[in-house]
Amino acid sequence: MSKFAAFGDYIRELRDRADLGLREAARQLGISASYLSRLEAGEFPPPAGPKLNRMAALYKADLTKLMELAKDRAHDMIAANVNVAPFVQAFYRLAQDQTPEMQQQMLEGAIGALDLTEEQRRAVIDQLKAAMSRGLGKDLPRRAKGDDGLFAFDIAPRVLSKAYIEAFAARMLTQIFGSEIPVPVPIETIVRKLGPEVILIIDGEIGGARLRGGAPAVLGLSRWSRDGERRELVIHADLFETPSIATRRRGNFTMAHELFHCLEHLPLVQNRNAESAFKRNGAFVSLAPQLIAKAWFDQKRKKRQLSTSEDWREWQANAFAAAILMPAASVHTAYEQFAAMNAFDSEDFASVEEFADVIARASFENEFGHTTSLTETFDVNPQAMAIRLISLGLVSIA
């Protein structure tokens, strides 16, 4: 266990008792949410006196106990060793059934989106090619016990139906909020209520790489803590501490997606290869869409076939994220309010996706007399809302 874990657990418990989210607590303490989350995770040493005083005042806590837990401050920092593993995992699920030539195109297309020098780009491609070669080999069970960060590839997920995931999300919402589910759903509150088994960490350096436009390449990840006693849900600070509504909404979806990995998939990994799970050289990872889009090698519009364990894990996590952020009953109610005030002819649209996108963005007056849209009501991005409308059977075309 980290030497800072006792202090981190204590201040996280104090914040939970004060019923404060990371953003609000950090704002009142005058620090970043990223820094506070990593203090709570035991990844940073306890702060000096002034910050301890502010914590004691904010949380109405015993300053003497805070100082006692903080007295063993050290200067070494703990950092997760993810290296190239996040990109390997994404390419693994996309490239498994492709030829070596197609895999090369995919690798070069994605790496080309990163803000790297030519030398760095070639080095990363070489690393990925070597890892992919091992990852697609037949020695996965043996390597899963090793230290190469690819331990998750041979861990098959449980067979879970869409109905099961919907029910699981609904039960969680009811357990946390009771019969009145708030809309939009505060996903950070859900993660906080699941502590200390799952802890939220805000990190501005996940994966290290950024896209050419400056956006992070790795949006989030889920992993076991170093001691293997709790699960860590990590979100990039750019998605958490942002004035951009679209970026914040992507962060919320990423948080919900990674939460399912924490609850469902990480325990499977630990049960299968506990000694590997503790090494934290790999994780379930959410990459920027630009890195996993197929535009550079497949221009055809076709439904994605779920063939690998990674495919199914991602499908399950996305299904849960949609169900928890856009509860079925709440979406049906909001859609009925929308439909009572709007009429669209599906024949005017070339595809159901286009039709659903228009409906997701269209304005209507809700029960409180406020002008809103389904996207704004659930505080999700239009694409997520459109997909949810289609999956619930609310939008279709002849």
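**Helix and sheet in a predicted model**

Visitor: How far apart are the end C-alpha atoms of helix α17 (residues 328–339), and what span should its twelve residues have?
Guide: Helices (H or I, at least four residues) and strands (E, at least two) are DSSP runs, numbered from the N terminus. The expected span is 1.5 Å times one less than the number of residues. For the twelve residues of α17 this gives 16 Å, and the separation of the end C-alpha atoms agrees with it, at 16 Å.

Visitor: On what kind of model do these values rest?
Guide: Residues are numbered from 1 along each chain as its sequence is written, and side-chain values use heavy atoms, with hydrogens and water left out. Local features need pLDDT of at least 70, side-chain atom pairs count only at pLDDT 80 or more, and totals for chains, interfaces and linings use all residues, since this is a predicted model.

Visitor: Which residues of α17 are buried?
Guide: Buried means under 20% relative accessible area, exposed over 50%, and partly exposed in between (1.4 Å probe, protein chains only). The buried residues of α17 are Ser330, Val331, Ala334, Tyr335 and Phe338.

Visitor: In what order do the four strands of the open sheet stand?
Guide: Two strands pair if DSSP finds at least two bridges between them. β1 (198–203) and β4 are at the edges, each with a single partner strand, so one side of each has no neighbour in the sheet. The pairing is mixed, and the order is β1-β3-β2-β4.

Visitor: Which residue of β4 is the bridge partner of Leu221?
Guide: Strand β2 (residues 218–224) and β4 pair in the antiparallel sense, over four bridges. In β4, the partner of Leu221 is Val285.

Visitor: Which residues of strand β4 (residues 284–287) are buried on each side?
Guide: In a regular strand the side chains alternate between the two faces of the sheet. Both faces of β4 are covered, with Phe284 and Ser286 buried on one side, and on the other Val285 and Leu287.

Visitor: What is the mean pLDDT of the protein chain?
Guide: pLDDT is the predictor's confidence in each residue, from 0 to 100. Of the residues, 78% reach 70 or more, and the mean is 80.
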